[in-house]
Amino acid sequence: MNALLTEKIAAARAVGDPDAVARAIPYAEFLNITAVLDDDDLIATMNFNPRIIGNPALPAIHGGTIGGLLETTAILKLLWLQETVRIPKTITITVDYLRSAGPKNTHARCSVTKLGARVANVKIFAWQDNPGKPVAGANANFMLSTG
């Protein structure tokens, strides 16, 4: 892994700043994902930008960016929980698109259902205005660093 990326993640974790962890990951930066802690729970937000519109007729955010938010949220949570600065590798992710996501900020949170020595299982959901009305959900498995 890139030494500069490792250093950025380590520095962000040392000061307790989940947003700096998100900003250290180029893809999260590209999607304009920010992160905050809410009662020890990490919430990631994909801040709206017109370039992520997939269907201008509705308009609706492209599903690929929603999937990217879900996966990135899980990675950020695992980085936050683990002692490692090595980014978990996605084994599988299954995304369920539940409703159209309009042109506004989209938030996500996840729960780690199993955190093993080598593999983590995670459930993630994303919403816009109301956490009770998710726009998408996902189940994912990640390979964790062993070194």
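Arg23 is partly exposed, with a relative accessible area of 28%; in this classification, buried means under 20% relative accessible area, exposed over 50%, and partly exposed in between (1.4 Å probe, protein chains only). The model is predicted, so local features need pLDDT of at least 70 and side-chain atom pairs count only at pLDDT 80 or more, whereas totals for chains, interfaces and linings use all residues. Residues are numbered from 1 along each chain as its sequence is written, and side-chain values use heavy atoms, with hydrogens and water left out.

Side chains of opposite charge can pair when their charged atoms come close. Arg23 forms a salt bridge with Glu29, with 3.0 Å between the closest N and O atoms. A salt bridge is here a side-chain nitrogen of Lys or Arg within 4 Å of a carboxyl oxygen of Asp or Glu, and the count by this rule is five. Glu29 is partly exposed, at 38% relative accessibility.

A further salt bridge links Asp38 to Arg109, the closest N and O atoms lying 3.4 Å apart. Because Asp38 belongs to strand S1 (residues 33–38) and Arg109 to strand S6 (residues 106–115), this pair ties together parts that are 71 residues apart in sequence. Helices (H or I, at least four residues) and strands (E, at least two) are DSSP runs, numbered from the N terminus. Asp38 is partly exposed, with a relative accessible area of 37%.

Asp129 forms a salt bridge with Lys104, and the closest N and O atoms are 2.8 Å apart. Asp129 lies in the loop between strand S7 (119–127) and strand S8 (136–143), and Lys104 in the loop between strand S5 (89–97) and S6, so the pair ties together parts that are 25 residues apart in sequence. Asp129 is exposed, with a relative accessible area of 64%, while Lys104 is partly exposed at 33%. Salt bridges with shared partners join Asp38, Asp41, Lys77 and Arg109 into one network.

Two aromatic pairs are found in a search of the whole structure. The ring centres of Tyr27 and Phe30 are 6.4 Å apart and the planes lie at 20°, so this pair is stacked. Tyr27 and Phe30 are three residues apart in helix H3 (residues 26–30), a separation of about one helical turn. Tyr27 is partly exposed, at 40% relative accessibility. The rings of Phe125 and Trp127 have centres 5.3 Å apart and planes at 35°, so the pair is tilted. Phe125 is partly exposed at 28% relative accessibility, whereas Trp127 is buried at 6%.

Arg51 lies over the face of Phe30, at 4.7 Å from the ring centre; a charge sits over a ring if NZ of Lys or CZ of Arg is within 6 Å of the ring centre and within 35 degrees of the ring normal.

Helix H4 (residues 63–81) has 19 residues and spans 27 Å from its first C-alpha to its last, close to the expected 27 Å, where the expected span is 1.5 Å times one less than the number of residues. Of the 19 residues of H4, 14 are buried, so the helix is largely enclosed by the rest of the structure. Thr72 is located in helix H4 and is buried, at 7% relative accessibility. With residues up to four places away in sequence not counted, Thr72 touches Tyr27, Ala28 and Ile33, contact meaning heavy atoms within 4.5 Å.

Note on methods
Phe/Tyr/Trp six-rings, centres within 6.5 Å; stacked < 30°, edge-to-face > 60°.
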